[in-house]
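Here is a briefing on one predicted model. Please look over the sequence and the structure before reading on.

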Amino acid sequence: MKLTVVGCSGSYPGPDSSASCYLLEHEHEGRTWRLVLDLGNGSLGQLQRYCDPRDIDGIAISHLHPDHCIDLTSFLVLAKYHPDGPYALVPVFAPAGASEYISAAGGPGGEPPVDALQVVPWEQEPVAEVGPFRVVAYRVDHPVVAFGLRVEAGGHVVAYSGDTGPTPALTELAQDADLFLCEASFVESSDNPPNLHLTGADAGRCSVEARVKHLLVTHIPAWTDAVEVEADVKSAWSGRYDVVRPGDVFEL
Ligand SMILES: [Zn+2]
Ligand SMILES: [Zn+2]
């Protein structure tokens with residue numbers, strides 16, 4: 001599996017990165033399969049640096065905050081109106097309500113995306129199969145319905161926290177992961193609200209419990225000091241880690 005960090009700015013796009021988006025690629029039966037995790041503000045533009053969006057086989061959305069899903073509305077335009085012809089129907093796995101959310105973004109009278117996107121609620125199908133990828137969604141702890149994702153392909157595991165406060169589900173979904181993309185939006189020195197986000201130390205503690213092989217710290221908002229987040233990570237985790245940036249590639 002190959003992971004490309006398309007966008008990793010937490011909560012809103014920053015000056016150096018779009019909001020959350022990660023591209024997973026895997027060679028299988030003679031071609032490259034592509035799965036996108038989240039499609040936050042501005043990420044569809046950046047995604048075109050790494051692949052033709054027509055070649056995306058599936059999209060998995062962690063939750064319906066705009067920094068994780070709003071560019072589905074732009075993807076829909078591309079998929080329906082590209083001058084070379086419409087895209088094949090793309091499966092989109094997302095929390096219930098995603099279809100209505102995309103329609104509402106089209107304004108009053110906005111049409112449902114049914115002719116371009118096959119939206120499947122995680123609540124209905126918590127396990128998704130896209131070619132060689134198997135994705136399992138775990139309910140995590142965030143003010144809206146949110147899922148962390150465990151992706152398996154080719155005998156490797158990439159785990160993704162989405163947005164969450166500390167929860168046992170996170171340890172479960174990250175168990176023995178080769179790569180653990182874990183959010184760290186908060187710093188330990190602040191008085192943080194509960195049930196919302198993690199600090200770098202939370203991400204580190206969870207990585208210890210889950211015995212992950214490589215922690216990828218992500219979703220640091222532009223208003224947060226990334227140096228402090230990294231210091232928090234190191235206070236709880238002595239294993240391999242990176243604070244990710246757009247364009248970073250990790251191959252398994
Ligand atoms: Zn977020
Ligand atoms: Zn969120």
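Residues are numbered from 1 along each chain as its sequence is written, chains are lettered from A and ligands numbered from 1 in the order in which they are written, and side-chain values use heavy atoms, leaving out hydrogens and water.

**Zinc ion (ligand 2)**

- The protein donors are His63 (NE2), His65 (ND1), His142 (NE2) and Asp163 (OD), at 2.2 to 2.4 Å.
- Donors are N, O and S atoms within 2.8 Å of the metal (3.2 Å for Na, K and Ca); water is not among the atoms, so sites may look incomplete.
- The arrangement is irregular because the four donor atoms subtend angles of 91 to 165°.
- Four donors count as tetrahedral if all angles lie between 85 and 135 degrees; four count as square planar and six as octahedral if opposite donors are over 155 degrees apart and all others between 65 and 115; anything else is irregular.
- Along the chain, the donor spacing reads H-x1-H-x76-H-x20-D.
- Histidine 63 sits in the loop between strand 4 (58-60) and helix 2 (66-69), and histidine 142 in the loop between strand 8 (133-139) and strand 9 (147-153), so the pair ties together parts 79 residues apart in sequence.
- Helices (H or I, at least four residues) and strands (E, at least two) are DSSP runs, numbered from the N terminus.
- Histidine 63 and histidine 142 are both buried (under 20% relative accessible area; exposed is over 50%, partly exposed in between; 1.4 Å probe, protein chains only).

**Zinc ion (ligand 1)**

- Asp67 (OD), His68 (NE2), Asp163 (OD) and His219 (NE2) coordinate this ion at 2.1 to 2.2 Å.
- Its four donor atoms subtend angles of 90 to 160°, which makes this arrangement irregular.
- The donor spacing here is D-H-x94-D-x55-H.
- Aspartate 67 and histidine 68 are both buried.
- Aspartate 163 bridges the zinc ion (ligand 1) and the zinc ion (ligand 2), which lie 3.6 Å apart.

- One open sheet has seven strands in the order 7-8-9-10-11-12-13, with mixed pairing.
- Its edge strands, strand 7 (127-130) and strand 13 (241-243), each pair on one side only.
- Two strands pair if DSSP finds at least two bridges between them.
- Strand 9 and strand 10 (residues 156-160) run antiparallel, joined by five bridges.
- Another open sheet of seven strands has the order 6-5-4-3-2-1-14, also with mixed pairing.
- Strand 6 (117-121) and strand 14 (249-251) form its edges, each pairing on one side only.
- Strand 5 (residues 90-94) pairs with strand 6 in the parallel sense over five bridges.
- Valine 92 has valine 119, in strand 6, as its bridge partner.

**Cores**

- The largest nonpolar core has 29 residues, of which Leu24, Leu37, Trp122, Phe133 and Leu149 touch the most other members.
- A nonpolar core is a set of buried Ala, Val, Leu, Ile, Met, Phe, Trp, Tyr and Cys residues joined through side-chain atoms within 4.5 Å.
- Strand 9 gives the most to this core, with four residues.
- Apart from this core lies another of 26 residues, among them Ala146, Val157, Ala177 and Val217.

**Helices**

- Helix 6 (residues 200-210) lies across strand 11 (179-183) and strand 12 (215-218), at about 150° to strand 11.
- Helix 7 (residues 226-236) packs on the sheet, touching strand 12 and strand 13.
- Contact means heavy atoms within 4.5 Å.
- Axes are lines fitted to C-alpha atoms, for helices over the stretch in contact, and angles run from 0 to 180 degrees between N-to-C directions.

Technical notes. This is a predicted model: local features need pLDDT of at least 70, side-chain atom pairs count only at pLDDT 80 or more; totals for chains, interfaces and linings use all residues.
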